[in-house]
Amino acid sequence: MVYRFHKNDQFNYEIMTVLGSAWQHGADVGEVLTTALATAEGDGAAWFSSWTALAHRAREQAERSAARGCTVSARDGYLRAATYSGAALVAVDACTDPEARLREVFPEHRDCFERFAQACDPPAERVEIAYEDTFLPGYLFRPPRHDGPLPTVIVNNGSDGPISAAWTFLGAPAVARGYNALLFDGPGQQSMLFERGLTFRPDWENVISPVVDFLTARPDVDAGRLVLAGISQAGYWVPRALAFEHRIAAAVADPGVVDVAESWWRNLGPDLRRLWDSGDREAFDSVVSEGLKADPALAATWRWRAKPYGIDSPYDLLAEVGRYNVLPVVQRITTPLLITDPEDEHFWPGASRRLYDALPGPRELIRFPASEGSHLHCEPMGRAVFEQRVFDWLDERLTRREHG
């Protein structure tokens, strides 16, 4: 089953992701398809301007609803606006003066999400999680009309996804099932990168343990029923954190990631790999730089994906990404871990099974096939199927934990 909305593979996948968010009110199918059709042959700059314009329209509609006291319409409108501006940002590096465009659109994106969060029932709580000499910003969402300590899902976003995607992918289905949901930005993610310049780190346990410390100190959180669930590149960060942080009751990696660098080398090819292995940094950087100059669209994608690492040299960047490998610590993982295995996974094909086979403790592998439409990286068009299977597994695990 092939879906083709745009000639650019990255933009095509983004459209599928935005369409999938409609399941949790994150988009309107008609708005998305209309914008996708208008940008189908366009470049990155056209993509950015079209999705930004759609975000502005959705926000204006939300503001009119809010002024009339129509809270539900306003809430959903702000979430759609946040989704659309988040989609625009993936092409910011294809624009003239990308840093200026980022400074314009990212605050609008977060402001719309903030307005959405405050319009929820009950309103989400903005939180600051102590982290080294600063803090991680986040939101704690709670289900309505629930008292006492609740199981809580820590939503670990991927490499470049907006916080609105973290909500529609994992936060919303968690809250709908009676969980608290904590959304946060870690180093290298969105606000931590764009506003503070903090970049990724491979030792993600040093990010998750402060989050667990924060949650276990709260009376509205059941410290014995914490879930760590991650999407995309968090398929590495989740198992990495579990190797050292053992207060998590159950976890989800969507999909499983063993070696983050595999997604880079798969696109670069064997000849460049041999050149990199030779240790000739100058030659490698020269070849990659010339290739990027010849393909502006590829260069924009490279800059977007490299941005969270904060490294300019292609050789040094690949060396850093190579540190993101869970195999050296996988034998330390004892937390029950569910790993999704979507058919046609295009970033880390086969990695979910390899992670499953390497784990020493309780684990489960759930297949998402093309025959059900729930395939591809992070199941963009199969969100209802994903939620049912993943959260049924979590419910069962946490019920066992609750009753000993």
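The questions below are put to a predicted model.

Colleague: How much space lies in the second largest pocket?

Modeller: The second largest pocket has a lining of 19 residues. The space in this pocket is about 440 Å³.

Colleague: Which residues lie nearest the centre of the second largest pocket?

Modeller: By class, the lining holds twelve nonpolar residues, one polar residue and six charged residues. Nearest the centre of the pocket are Asp93, Glu99, Arg303, Lys307 and Asp312.

Colleague: Is glutamate 99 buried, partly exposed or exposed?

Modeller: Glutamate 99 sits in helix α5. A residue is buried under 20% relative accessible area and exposed over 50%. Glutamate 99 has a relative accessibility of 38%, so it counts as partly exposed.

Colleague: How far apart in space are proline 107 and phenylalanine 194, C-alpha to C-alpha?

Modeller: Proline 107 is also placed in helix α5, and with a relative accessible area of 41% it is partly exposed. In sequence, proline 107 and phenylalanine 194 are 87 residues apart. In space, C-alpha to C-alpha, the separation is 9.8 Å.

Colleague: Are helices α12 and α14 roughly parallel or roughly perpendicular?

Modeller: The axes of α12 (residues 281–294) and α14 (residues 314–321) come within 7 Å and cross at roughly 105 degrees. Angles of 65 to 115 degrees count as roughly perpendicular. The two helices are therefore roughly perpendicular.

Colleague: Which residues make the contact of α12 with α14?

Modeller: The residues of this contact divide into four nonpolar and three charged, with no polar ones. From α14 come Pro314, Tyr315 and Asp316. From α12 come Arg281, Phe284, Asp285 and Val288.

Colleague: Is serine 374 buried or exposed?

Modeller: Serine 374 lies in the loop between β8 (363–368) and α16 (383–402). Beyond its neighbours within four places in sequence, its contacts are Pro342, Phe368, Pro369, Glu379, Gly382 and Val385. Its relative accessible area is 0%, so serine 374 is buried.

Technical notes. Residues are numbered from 1 along each chain as its sequence is written. This is a predicted model: local features need pLDDT of at least 70, side-chain atom pairs count only at pLDDT 80 or more; totals for chains, interfaces and linings use all residues. Side-chain values use heavy atoms; hydrogens and water are left out. On a 1 Å grid over the protein atoms alone, a cavity is a set of points where a 1.4 Å probe fits but cannot get out, and a pocket is an open set with protein on both sides within 12 Å along at least five of seven lines; lining residues have an atom within 4 Å of a point. Grid points are joined across faces, edges and corners, and a volume is the space filled by probe spheres set on the points. Ala, Val, Leu, Ile, Met, Phe, Trp, Tyr, Cys and Pro count as nonpolar, Asp, Glu, Lys and Arg as charged, and the others, Gly among them, as polar. Axes are lines fitted to C-alpha atoms, for helices over the stretch in contact, and angles run from 0 to 180 degrees between N-to-C directions. Helices (H or I, at least four residues) and strands (E, at least two) are DSSP runs, numbered from the N terminus. Angles under 35 degrees count as roughly parallel, over 145 as roughly antiparallel, 65 to 115 as roughly perpendicular and the rest as oblique. Contact means heavy atoms within 4.5 Å. Buried means under 20% relative accessible area, exposed over 50%, partly exposed in between (1.4 Å probe, protein chains only).
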